[in-house]
Amino acid sequence: DCGNMISSLYFISYKVLCQWTMINLFIGMIINNFSFCSNRENEGALTDADIDNICDSWQESFDPKGTSFIHLTKLHALMGDIREPLGFYGDPANRIRYLHAREELKIMLEEEEKASNLFEMALQMQDTGKANSATNEYVEKNKQEFQ
């Protein structure tokens, strides 16, 4: 016995109401985050002065040759050198921001290495004549990126 007609009506109305509420909450969060990021007067947003500070620190202390790259081990020193909102601030033991950035960079480097290895394998297949049309298309499309 699954109940009567009122129970199915209750279930459907409950499900529709809950889904409508969740969708509105989700849309509200998106709009709130967009307004936070686009509002330059907000103290939590990244300002032009913050970006200038990061660029100056990057060029003077960590990349004087202008290669646009620093080693991952220098990230801790860079974050110590720049101010709020991206560097270390407040409690000197605030390492969570550094650990998060380091892990994100490691993931990006691993993904880049996988893509490079995949391209190298495709090139080897093309050189040995074992490549199909999709592999040849992949090599042609990504040739400038990896070489």
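Contact is taken here to mean heavy atoms within 4.5 Å. The model is predicted, so that local features need pLDDT of at least 70 and side-chain atom pairs count only at pLDDT 80 or more, while totals for chains, interfaces and linings use all residues. Residues are numbered from 1 along each chain as its sequence is written, and side-chain values use heavy atoms, with hydrogens and water left out.

D63 is located in the loop that runs between α2 (48–62) and α3 (75–81); helices are DSSP runs of H or I with at least four residues, numbered from the N terminus. The relative accessibility of D63 is 6%, and D63 is therefore buried (under 20% relative accessible area; exposed is over 50% and partly exposed in between, with a 1.4 Å probe and protein chains only). Apart from neighbours within four places in sequence, the contacts of D63 are W58, S68, F69 and I70. The side chains of D63 and T67 are joined by a polar contact of 2.8 Å, that is, a pair of N or O atoms within 3.5 Å, of which, within protein, one must be able to donate a hydrogen and the other to accept it, residues adjacent in sequence counting only if both atoms are side-chain atoms.

N142 belongs to helix α5 (residues 133–146) and is buried, at a relative accessible area of 11%. A polar atom of the N142 side chain lies 3.0 Å from the backbone oxygen of Y138.

Zero disulfides are present in the structure, a disulfide being a pair of cysteine sulfur atoms within 2.5 Å. C18 is partly exposed at 30% relative accessible area, and C55 is partly exposed at 38%.

How values were computed: Helix = DSSP H or I, 4+ residues; strand = E, 2+ residues; numbered from the N terminus.
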